[in-house]
Amino acid sequence: MTLREEVEIRKTFAIISHPDAGKTTLTEKLLLFGGAIREAGTVKGKKTGKFATSDWMDVEKERGISVTSSVMQFDYDDFKINILDTPGHEDFSEDTYRTLMAVDSAVMVIDAAKGIEPQTLKLFKVCKMRGIPIFTFINKLDRVGKEPFDLLEEIEKTLDIETYPMNWPVGMGPSFFGIIDRKKRTIEPFRDEENLLHLDEDYQLTTSHAIESDSAFEAAIEELMLVDEAGESFDEAKLLTGDLTPVFFGSALANFGVQNFLNAYVDFAPMPSGRLTEEGDVVEPFDSAFSGFIFKIQANMNPAHRDRIAFMRIVSGAFERGMDVTLTRTGKKLKISRSTSFMADDTQTVNHAVSGDIIGLYDSGNYQIGDTLVGSNQKFHFEKLPQFTPELFMKVSAKNVMKQKHFHKGIEQLVQEGAIQLYRTLYTNQIILGAVGQLQFEVFEHRMNSEYNVDVVMEPVGKKIARWIENEEAITDAMNSSRSILVDDRFGNKVFLFENEFATRWFEDKFPDIKLYSLL
Ligand code: GDP
């Protein structure tokens, strides 16, 4: 196969949702179609206790998440598909956001009974900012949930994106009969004993069936006619820019509507795209010279295994194990001999991978998040990964004052690596760490101890609303209070940490000349 042929069959997406919407279940069903796993229940150790193959991170194990389940590749219908998981709940971290920087499309799973939930919204915003295609799977139709129209409206209003239903449910919960494929004009029945039904142009059944007189069926047809009347077309260009999301209804648990979804996904999802460099060029996936960037570093919390795994997205060319690459930040040449791909229930050494693929590099401390790796004497940096607005803050100090040097070295390195964000209070120079998820603090504390031999004291500052300031020269001392703490970020930019929404609005009213903004 030529490089072009190899790249053209790749699709790399992140799966996003609020916890419990059914992300794991859907992933599992997708992997089953791809033959990547033989039975359900292998994706998350949490559910099966089957997580003996990896020795990564004690914390990870305790939490039942795994590095192996964060990237999975499977084959389907001549395509090679890479799924990137976006861990949620207490495992939510900046890495979760950064994962979205490494994909070409996203699949959003929504619980039909709950609609858009907070974490979906956060992750969606990042996808939207990148302008990548977003496919929506509305899950749990086997249970009673919100009405399809209400769900579509909620998506459109909350997320500011057009929707295009690809199929439409007939009933839900106990009355769930099946889904109507709008294009094929078929009704795929939910129950095994039923057969596929066909509809004509006017949504009349082509053969008579008991469902004809069913109120759920009548309602579904009426709704579909309304959808048709609204006349929104399936605009592929809008899909590709993230301005329209195709919506699929189904039940991941019952493996219903999943294959239709997957078929449409491979039809419409884009192949790997190019990436901008800081120098202003675009590196294209078919460029033969190898390049890639690091978007996530998984620290190994086990002291006996100090090394870490750096996740790399390949942007151009082919990776061959043992190849020499240059880390452009330092100019250092590295031979990559320990590399891994991620399969559903295993990691395995990867010898060859191309643009669009995600591979893991064993790292003894060479890499930072955002690093560019290039082959064959090239020299450029991919554009920086965005910094995300932290929501949780902790004051931190060294337990033993004699350990100051190690303490500062540890913080500096972990901050540079992208594990955590650093702030300093203006006058007292107190160190405050910022994170988007609690896990980041736990990892920080653990690594300070195991890698830098420093016990730290962490004192929660709690949830804060961080706002950067456009016109720093307008700040006065009077603005720094316990409800609006003024801090420097690590680049020396001023940031207010507001106690809550109320304090933020109060401040904006009182000091209208100060122009506040948030990062992503
Ligand atoms: P995640 O947290 O988003 O990964 O969600 P899971 O895939 O772990 O699913 C959460 C719960 O919802 C589990 O108990 C699943 O069995 C259940 N679930 C997932 N999909 C469906 C579905 O289509 N219908 C029903 N009734 N339950 C589902």
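Q: Where is the place of Thr 2?
A: Thr 2 sits in the segment before helix 1 (3–8); helices (H or I, at least four residues) and strands (E, at least two) are DSSP runs numbered from the N terminus. Residues are numbered from 1 along each chain as its sequence is written. The model is predicted, so local features need pLDDT of at least 70 and side-chain atom pairs count only at pLDDT 80 or more, while totals for chains, interfaces and linings use all residues.

Q: Why does Thr 2 count as exposed?
A: We count the other C-beta atoms, placed from the backbone, within 10 Å of a residue's own: 20 or more is buried, 12 or fewer is exposed, and in between is partly exposed. Thr 2 has 9 C-beta neighbours inside 10 Å, so it counts as exposed.

Q: What makes Leu 121 partly exposed?
A: Leu 121 has 13 other C-beta atoms within 10 Å, so it is partly exposed. Leu 121 is found in helix 6. Leaving aside residues up to four places away in sequence, Leu 121 touches Ile 116 and Thr 158; a contact needs C-beta atoms, placed from the backbone, within 7 Å.

Q: Is Lys 128 buried, partly exposed or exposed, and how do you know?
A: Lys 128 has 16 C-beta neighbours inside 10 Å, so it counts as partly exposed. Lys 128 also lies in helix 6 (residues 118–130).

Q: How is helix 2 oriented relative to helix 10, and why?
A: Helix 2 and helix 10 (residues 258–268) pack at an angle of about 75°, with their axes 10 Å apart. That makes helix 2 roughly perpendicular to helix 10, since 65 to 115 degrees counts as roughly perpendicular, under 35 as roughly parallel, over 145 as roughly antiparallel and the rest as oblique. Axes are lines fitted to C-alpha atoms, for helices over the stretch in contact, and angles run from 0 to 180 degrees between N-to-C directions.

Q: Which residues of helix 2 and helix 10 meet?
A: From helix 2 come Leu 26, Lys 29, Leu 30 and Phe 33, and they meet Val 258, Gln 259 and Leu 262 of helix 10. By class, this contact has five nonpolar, one polar and one charged residues. Here Ala, Val, Leu, Ile, Met, Phe, Trp, Tyr, Cys and Pro count as nonpolar, Asp, Glu, Lys and Arg as charged, and the others, Gly among them, as polar.

Q: Which residues come nearest to the ligand?
A: Of the 16 residues around the ligand, Gly 22, Lys 23, Thr 24, Thr 25 and Leu 253 come nearest; being near means a C-beta atom, placed from the backbone, within 6 Å. Helix 2 (residues 23–34) gives the most to this shell, with three residues. By class, the shell has five nonpolar, six polar and five charged residues.

Q: What makes the phi of Tyr 203 worth a look?
A: Most residues other than glycine have a negative phi. Tyr 203 has a positive phi of about 60° although it is not a glycine. Tyr 203 lies in the loop between strand 10 (197–198) and helix 8 (215–230). With 18 other C-beta atoms within 10 Å, Tyr 203 is partly exposed.

Q: Why is Asn 429 called exposed?
A: Asn 429 has 8 other C-beta atoms within 10 Å, so the label is exposed. Asn 429 has a positive phi too, about 55°, and is not a glycine. Its loop runs between strand 25 (421–425) and strand 26 (431–435).

Q: How do you know whether Ser 482 is exposed or buried?
A: Ser 482 has 7 C-beta neighbours inside 10 Å, so it counts as exposed. Ser 482 is found in the loop between strand 28 (465–469) and strand 29 (484–489).

Methods. Contact = placed C-beta atoms within 7 Å.
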